[in-house]
Amino acid sequence: MEDQRVGAGRGGEALRKIITTLAVKNEEIQSFIYSLKQMLLNVEANSTKVQEDLEAEFQSLFSLLEELKEGMLMKIKQDRASRTYELQNQLAACTRALESSEELLETANQTLQATDSEDFPQAAKQIKDGVTMAPAFRLSLKAKVSDNMSHLMVDFAQERRMLQALKFLPVPGAPVIDLAESLVADNCVTLVWRMPDEDSKIDHYVLEYRRTNFEGPPRLKEEQPWMVIEGIRQTEFTLTGLKFDMKYMNFRVKACNKAVAGEFSESVTLETPAFMFRLDASTSHQNLRVDDLSVEWDAMGGKVQDMKTREKDGKGRTASPVNSPASRIVFQMRKGTGVGVPSPKRMPSGRGGRDRFTAESYTVLGDTLIDGGEHYWEVRYEPDSKAFGVGVAYRSLGRFEQLGKTAASWCLHVNNWLQVSFTAKHANKAKVLDAPVPDCLGVHCDFHQGLLSFYNARTKQLLHTFKAKFTQPLLPAFTVWCGSFQVTTGLQVPSSVRCLQKRGSATSSSNTSLT
């Protein structure tokens with residue numbers, strides 16, 4: 001009995017598996033049947049559409065041929081009428097001249113028969129004068145126009161062969177992207193491609209691109225969607241004004257004729273090196289309201305924070321869920337990093353709680369260390385700000401220390417309070433800059449060369465360059481009082497900035513007393 005129950009159990013389990021398999025297979029077949037029915041409907045609809053399009057194209061061709069025929073017939077009729085008019089006029093003139101000549105001939109014959117008459121000399125003179133003035137002697141006996149109409153003959157043998165060669169449009173081939181000719185510079189990408197075979201039927205190209213943090217061939221699944229640019233008429237295109245907030249970009253191109261699009265080219269990946277960072281809110285002064293890459297002065301910030309602190313102390317000291325390490329990990333994963341650890345150069349939050357800037361150091365730092373290479377970023381500040389500064393600082397900058405007033409920071413400072421000043425500051429020394437104050441500043445840091453340059457971000461005019469030997473990694477640093485500013489990252493070092501540095505402009509404008 002036991003063996004029977006075991007056998008029945010096994011048989012039942014096997015049967016259930018068979019039933020599940022059959023159910024899944026039936027569902028697959030039903031889905032396929034639905035797909036086939038949908039394809040039948042699509043075949044009917046698409047064939048009707050292409051048939052209508054074909055008839056419309058042929059009707060357009062017939063209409064064009066009819067117009068050409070009417071135009072050419074009209075040309076023949078006009079030429080015939082013109083020639084007929086000229087020949088008829090010439091014929092009428094010749095007929096009149098002949099009649100006049102015959103009359104003179106008859107008169108001359110009659111006069112010749114009366115030579116003995118007293119009037120003969122006078123009559124002979126009149127005939128002579130009449131002959132001199134006769135139309136027959138002033139008339140050209142050459143036809144004004146030709147009766148040859150061969151210049152209006154046609155030979156449509158070539159066109160007939162072209163019509164006989166008409167066929168359905170072929171599907172365009174896949175373009176080939178030329179990486180050697182493509183270029184990434186100045187936050188622009190110029191992509192160049194070619195067709196493997198010449199195709200005169202191509203109407204336009206479609207370019208698609210997306211950002212990614214993965215090197216190598218593009219992956220099938222990416223968080224970033226493909227961005228589409230249509231209607232490209234040439235075999236190259238330049239994307240301008242890009243923000244390189246990820247390490248790479250994927251590209252692919254397809255060719256289209258008037259009927260159908262071909263397959264995409266093989267996707268390529270281009271590196272888009274740029275300096276990316278965010279503002280580290282955990283370092284900011286309590287009167288600065290930080291939102292990703294923007295900062296706004298908040299006069300009540302410190303008081304509100306003190307009130308919250310007292311309320312927290314009354315309820316017990318527990319870690320804030322917003323500022324806890326776990327929440328930071330979740331936040332980073334939501335932002336798409338895919339992991340719960342900071343990037344190699346991203347500075348872990350080292351200034352929490354009371355270690356943030358305080359007193360009159362209205363400062364906030366970036367969250368990414370600079371320990372090599374060249375980097376560039378821009379900052380646009382509110383012109384009505386009473387004070388604003390931008391530069392770099394060592395991470396060890398004290399919480400009470402202001403930018404430019406210690407050896408651990410370098411900055412350009414704009415003061416609109418009491419008296420206006422525009423200065424370069426380092427180690428509590430300042431140099432007044434003789435230049436208009438721009439509303440947008442560009443910062444270029446060449447760590448290994450020890451150069452920190454500031455530019456008018458719109459005109460790329462060099463404002464000032466610090467020369468220093470950086471002994472520690474740097475952080476972007478900002479300060480604002482009674483104002484606001486917005487930082488732009490993901491920028492490459494502009495070509496104009498590189499050229500200025502190569503020409504030695506930076507060295508000539510540096511102030512050694514501030515380095």
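Helices (H or I, at least four residues) and strands (E, at least two) are taken as DSSP runs and numbered from the N terminus. The structure is a predicted model, in which local features need pLDDT of at least 70 and side-chain atom pairs count only at pLDDT 80 or more, whereas totals for chains, interfaces and linings use all residues. Residues are numbered from 1 along each chain as its sequence is written, and side-chain values use heavy atoms, with hydrogens and water left out.

H426 is placed in strand β16, which spans residues 421-426. Its relative accessible area is 6%, so H426 is buried; buried means under 20% relative accessible area, exposed over 50%, and partly exposed in between (1.4 Å probe, protein chains only). The side chain of H426 reaches the backbone oxygen of S409 at 2.8 Å. This is a polar contact, defined as a pair of N or O atoms within 3.5 Å; within protein, one must be able to donate a hydrogen and the other to accept it, and residues adjacent in sequence count only if both atoms are side-chain atoms.

L418, in the loop between β15 (409-415) and β16, has a phi of about 70° although it is not a glycine. A427, in the loop between β16 and β17 (429-432), likewise is not a glycine and has a positive phi of about 55°. Most residues other than glycine have a negative phi. L418 counts as exposed because its relative accessibility is 78%, while A427, with a relative accessible area of 30%, is partly exposed.

Overall, the protein has 7 helices and 22 strands. Of its 515 residues, 32% are buried. Contact means heavy atoms within 4.5 Å; among contacts between residues at least 6 apart in sequence, 68% join residues at least 24 apart. The protein exposes about 33,200 Å², of which carbon and sulfur atoms supply 54%. Accessible areas come from the Shrake-Rupley method with a 1.4 Å probe, and for residues only the protein chains shown count as cover.

The structure holds 16 aromatic pairs. Rings of Phe, Tyr and Trp (its six-membered ring) pair if their centres lie within 6.5 Å, and planes under 30 degrees apart count as stacked, over 60 as edge-to-face and the rest as tilted. The pair formed by F478 and F485 is stacked, at 5.3 Å centre to centre with 20° between the planes. F478 counts as buried because its relative accessibility is 0%, and F485 is buried at a relative accessible area of 4%. Both rings belong to a cluster in which ring pairs link F275, F277, W377, Y381, F388, F478 and F485.

Charged side chains also lie over aromatic rings. A charge sits over a ring if NZ of Lys or CZ of Arg is within 6 Å of the ring centre and within 35 degrees of the ring normal. R252 lies over the face of F264, at 4.1 Å from the ring centre. The charged end of K386 sits over the ring of W481, 5.5 Å from its centre.

R380 lies in strand β13 (residues 374-381) and, at 45% relative accessibility, counts as partly exposed. Leaving aside neighbours within four places in sequence, R380 is in contact with D439, C440, R458, F485 and Q486. The C-alpha atoms of R380 and V487 are separated by 6.4 Å, although these residues are 107 apart along the chain.

T272 is found in the loop between β8 (268-271) and β9 (279-280). Its relative accessible area is 2%, so T272 is buried. A polar atom of the T272 side chain lies 3.0 Å from the backbone oxygen of M246. Residues up to four places away in sequence not being counted, T272 touches V184, F244, M246, K247, Y248 and M249.

By contrast with T272, which is buried, L141 is exposed, with a relative accessible area of 80%. L141 is placed in the loop between α2 (120-132) and α3 (157-164). L141 and Q90 are 51 residues apart in sequence, and their C-alpha atoms are 9.2 Å apart in space.

In helix α6 (residues 495-502), the buried residues are V497, L500 and Q501. They lie on the same side of α6 because they cover an arc of only 100° around the axis, the arc being that of the directions from the helix axis to the C-beta atoms.
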